[in-house]
Amino acid sequence: MKINSKAAPVSFRNVTKVYGKDVVAVDDINLEIEAGKLVTLLGPSGCGKTTTLRMIAGLEMATKGAIFIGDRDVTLLPATDRDVSMVFQSYALFPHMSVMENVSYGLGFSGFDKSETRDRARQGLELVGLKGYGGRLPSELSGGQQQRVAVARALVLEPQVLLFDEPLSNLDAKLRRQVREDIREIQQNLGLTVVYVTHDQEEALAVSDEIVVMRNAGIAQIGSPRDLYDAPADRFVADFIGEANIIPCEITSVDGDKATIDIAGFHHSLPARGLPVGAAQLAVRPTRLVLGATEGLPMEVKKATYVGSRMEYTLTAPFATLFAVSEDVDTPLDVGATVTVGLARIGPVLLAAG
Amino acid sequence: MRQLTSERTTHPVLIFWIIVGWAGFLLLPWYGIEDFFTFEWLIDGYPFDEDYAPAGFLIAQGEKLWLAPLIIPLVLSLFALGKPKTHPAFSRFLILAGALGFGWLIIQGFAIGIRGFNADWLRALFGDLDDRQFGMGYGALICAASFLFLFTQGIAARGAINGDVFVVSSIGGIVVIVTAFVFFPIAKMLTAAFITEDGGYSAEVFASKFFDDRLWGLGCLSGARCGVAWNSLFLAVLVGLITTVLGLIFALVVTRSGFRHKRALRALTVLPIITPPFVIGLALILLFGLSGSVTVFFADVIGIQPTRWLYGLPGVLIAQTLAFTPIAFLVLIGVVEGVSPSMEEAAQTLRASKWQVFKTISLPLMRPGLANAFLLGFIESMADFGNPLVLGGNFDVLSTEIFFAIVGAQYDQGKAAVLAMVLLCFTLGAFYAQRFWLGKKSYTTVSGKGDSGVHPQMPRALSIPVLALAMLWAVFTMVVYAMIFYGSVVELWGVNNTLTFKHYVTAFSFRIEEAGIRWSGAAWDSFWTTLKIAATAAPLTAIVGLITAYLLTRQTFAGKNAFEFGTMLSFAIPGTVIGVSYILAFNVPPIEITGTGIILVVSFIFRNMPVGVRAGIASMSQLDKSLDESSLTLGANSWQTFRRIILPLLRPAILAALVYSFVRAMTAISAVIFLVSAEYDMATSYIIGRVENNDYGLAIAYSTTLIFVMLAAVGAMQLIVGRTEIGRRMSQSRTNV
């Protein structure tokens, strides 16, 4: 016997969730999640990402709109009836049951007989590397182990969709990388549909097939990690996924898909992304600023901070204050010095003004 | 793939309730029989005898034809079978069946009583009915339950609360029983205040009773006697103030002083739970009564003439203060501990002296708690019946006045009802103030984050008087309790002080005969009854309380605030009011249970339910909500979640609720005294009877025995609860009794 996947797509159609009378948690969103993909809901706290996740689970009911899992309309189904399982932020392991009982709990309601339940539960524990821990109480496990029990408990039900609600937030920094890789590996090996909520952009970039950035109860942008990082749709996304310097600029001419911009007299050419001639903004990652370039903007070094693996600089000029990172830690720039700041060939993107 | 409950066409729960409904209608005796728990009826003419026949047989024999319409909803419910829940007809048939059945049961129950039609206009409309009916029995009750739960399943199928049958049914069940046993009797009592001697209704009667001088007279300002309402109010305010101050003193000693025997002080909080309320009064008589030891001592040594000063306001005040200070202590210790130490430490680092910290930070933060303790003391004093009865003398208060209006020679239901209304207004006012004025103002700062500070000690100028007062009071309490024990082993208090076990023998002697043990002592009857009733009421109280707590903490539904208010309301209804309203409401059909053990059990359930609810809420809010949610996402329904996750984790709270309601049922007197009958006499009312006959020895011996029995119960519980700790999480969720 092997744990299989019954991965199904999830679809949100004009879904709105209102708490009480007028607190809009999710505002008219449309979302298609492909089967077998790991999709992350990312956003600052209060953006509606957890509410969205809980609506997939059936722990919150949509106020308007329809939710589909596979071909079935589950909008009105309670959590019990949905073929979805969830790994909670607090793990929510039942403290009065052993690890084995915890993992078997859901199987008991799914119509498996005793021996099959036991086999599947054992299989699940083996999959997360906790073979032989079945007899312990959750309180006798470390945080990372508890986490894995929670994953096993959800996995053994072979759900159509597996949900993770900030699963790493209770782990220390070193374990996080490990667990995140484990989750991704299991997801890919079994081909599960996973919806994953986090507010940590690095975590999202690392595990996702696709990231849904949410803001103020709506969706700001959907895309692959590279899309979001290299081509953010707006200033919010640019700033939320990794840091970005936003520099006001002027598009002087557009030629096909190439635009030429002017920043305080410095000219640069890059993809136009459909923007017309006129005021615009340029988003540049700190690593994509070239310090000491032959061509660029003269700026003054305001602060220089040594953080071990690199140097961090704050640069000022009348038109902007920029944050830049340099790999060169051996010959740092002096505070007060003037440096020519150039733009890397790829990386900087144009955004609409405002 | 999970099976969908919404697409199934067989519903075991539905089938169960339909069968139950038919069984109640066709198999079980419809009307109440003399003793609810005997099964004599099975061999005594069942199923054709009119008294024992099920409704189906009655109708078939051409009797009680007004029960015939009930067949319609019973048949209607069958149409829902074999349909999926999402089918519109499913919910329509169930709602219709439930509403029709339940509604008709109520209508016919109130319309037709032991003298035929209950109302004149019915008689005018249909002519005299030559038939009559008694209170509901097994059959009627079970049918009613069946209709109710068919109705709730119908509502659930329409999508209420996500279609959750367990939750909807629980809400329905609790609303119905609270309505039947809290609101209905109170409403009945209120109407009784308007009934004239010849059975009509008149506001004049009410007014004359309400504005009676005995109730509101202000004679005491000019040397005469005041009205009972003023007496009660004055006493309650005094008791509230004094118990709050004393409670605060104890709380400060325990949390903010170097005092070493803190555990002993904490043990004080158990006392009011295990002490029957009037016992303190008895002990005071032994100390300060006409032939009390202190009185006699002063008379002998200094030559002060013994007086009856104790009987009246002073005696009742002392007794109630002794009895209720531990309650204030229990409230305030939580409040005083709840003030975050880091706030006090912050104030200290901002250069406030200890005294300034106490005055500007600690005390203001405790203010809502102080008001809370005051209101509790106020309510308890208002509701107290035992102490004023024993010590009141000429100082009449509302609760005793109600009793004498019903039991005395005057037998005036209307007057009792008016008095009860006044009492109810006072306690409800205090309850309302507590909930809506204080409820939002809790400053206690228990956040999930660790607060590792230490409470600073009291300033010295405060700690010395506080410690002195606390010690004085503790010693006084100990003397009082020692007196109780000592009083039970002397021949005749104040007259013949030789030691004897005579009273225990009279009360609890038994002989071992061939036929077994013969319980020949005078107290055994009431003792066994008390144990039986208390043991029956305790689990029911715990169940109702915990389900209510579950609904309040874990579910959201329309009208939840009203639901919560209704369930907590009976906390504010004094026992005497419950007693009066129960005999007014339940000595006639449709619910006819006066004089049975059931009425005692029911009164205990609804008197003690708020305690179960509070205990349940307190420990459920410690359980992370994601535990329930994860159980739900793993495919369990809400009933399975309740049973397999919540109940096991709440075991300590369940035990606490069980023992607490058991013990409270044993010590209760105020409601009980109206509801006991010759057959079902309770320990407390038996003891009060002894006191009224001046048989103090037996009364005190019996009380002492009760205290020890309950001490054993509480002790056993503490032992068991101490052991049922599961993992780390549970160690924090232990409930104090």
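Student: Which residues of H6(B) meet which residues of H7(B)?

Tutor: From H6(B) come Leu148(B), Phe149(B), Phe151(B), Thr152(B), Gln153(B), Ile155(B) and Ala156(B). Their partners in H7(B) are Val165(B), Val168(B), Ser169(B), Gly172(B), Gly173(B) and Val176(B). By type, the residues of this contact fall into eight nonpolar, five polar and no charged. Please keep in mind that you are looking at a predicted model.

Student: How do I read the geometry of such a pair?

Tutor: Two packed helices are described by the angle between their axes and by how far apart those axes lie. Here, helix H6 (residues 138-157) and helix H7 (residues 165-192) of chain B have axes that come within 9 Å and cross at roughly 135°. H6(B) is therefore oblique to H7(B).

Student: And what is the handedness of the crossing, left or right?

Tutor: Right-handed: that is how H6(B) passes H7(B).

Student: Let's turn to the other chain. How many helices and strands does chain A have?

Tutor: Chain A contains eight helices and 20 strands. Its C-alpha trace spans about 75 × 45 × 35 Å along the principal axes. Of its 354 residues, 42% count as buried. If you take the contacts in chain A between residues at least 6 apart in sequence, 66% of them join residues at least 24 apart.

Student: What does H1(A) look like, mostly covered or mostly open?

Tutor: Mostly covered: helix H1 (residues 49-57) of chain A has nine of its nine residues buried. Among them are Lys49(A), Arg54(A), Leu53(A), Met55(A) and Ile56(A). After H1(A) comes Gly58(A), with a positive phi near 90°.

Student: Now the interface. How many residues of each chain are in contact with the other?

Tutor: The size of an interface is often given as the accessible area lost when the parts come together. For this pair we can count residues instead: 30 of chain B are in contact with 29 of chain A. On the chain B side, helix H27 (625-633), helix H28 (638-649) and helix H33 (727-731) each supply at least two residues. H27(B) gives the largest share, six residues. The side of chain B that touches chain A divides into 11 nonpolar, 13 polar and six charged residues.

Student: Why is H27(B) described as largely enclosed?

Tutor: Because seven of its nine residues are buried, H27(B) is largely enclosed by the rest of the structure. The buried ones are Leu627(B), Asp628(B), Glu629(B), Ser630(B), Ser631(B), Leu632(B) and Thr633(B).

Student: What covers the buried residues of H27(B)?

Tutor: Both chains take part: the cover includes H1 and strand E6 (84-87) of chain A, along with helix H23 (524-554) and H28 of chain B. Just beyond H27(B), Gly635(B) has a positive phi of about 105°.

Student: Last one: what confidence does the predictor give?

Tutor: For the complex, the ipTM is 0.80 and the pTM is 0.82. Chain B has a mean pLDDT of 81, with 92% of its residues at 70 or more. Over residues 445-450 of chain B the pLDDT is below 50, and this stretch has four contacts in the model beyond near neighbours in sequence. Residues 724-737 of chain B also stay under 50, and for these the model has 30 contacts beyond four places in sequence.

Conventions
Residues are numbered from 1 along each chain as its sequence is written. Chains are lettered from A and ligands numbered from 1 in the order in which they are written. This is a predicted model: local features need pLDDT of at least 70, side-chain atom pairs count only at pLDDT 80 or more; totals for chains, interfaces and linings use all residues. pLDDT is the predictor's confidence in each residue, from 0 to 100. Two residues are in contact if their C-beta atoms, placed from the backbone, lie within 7 Å. Axes are lines fitted to C-alpha atoms, for helices over the stretch in contact, and angles run from 0 to 180 degrees between N-to-C directions. Helices (H or I, at least four residues) and strands (E, at least two) are DSSP runs, numbered from the N terminus. Angles under 35 degrees count as roughly parallel, over 145 as roughly antiparallel, 65 to 115 as roughly perpendicular and the rest as oblique. A crossing is left-handed if the near helix is turned anticlockwise from the far one by less than a right angle, and right-handed if clockwise. Ala, Val, Leu, Ile, Met, Phe, Trp, Tyr, Cys and Pro count as nonpolar, Asp, Glu, Lys and Arg as charged, and the others, Gly among them, as polar. A residue is buried if 20 or more other C-beta atoms lie within 10 Å of its own, exposed if 12 or fewer, and partly exposed in between; C-beta atoms are placed from the backbone.
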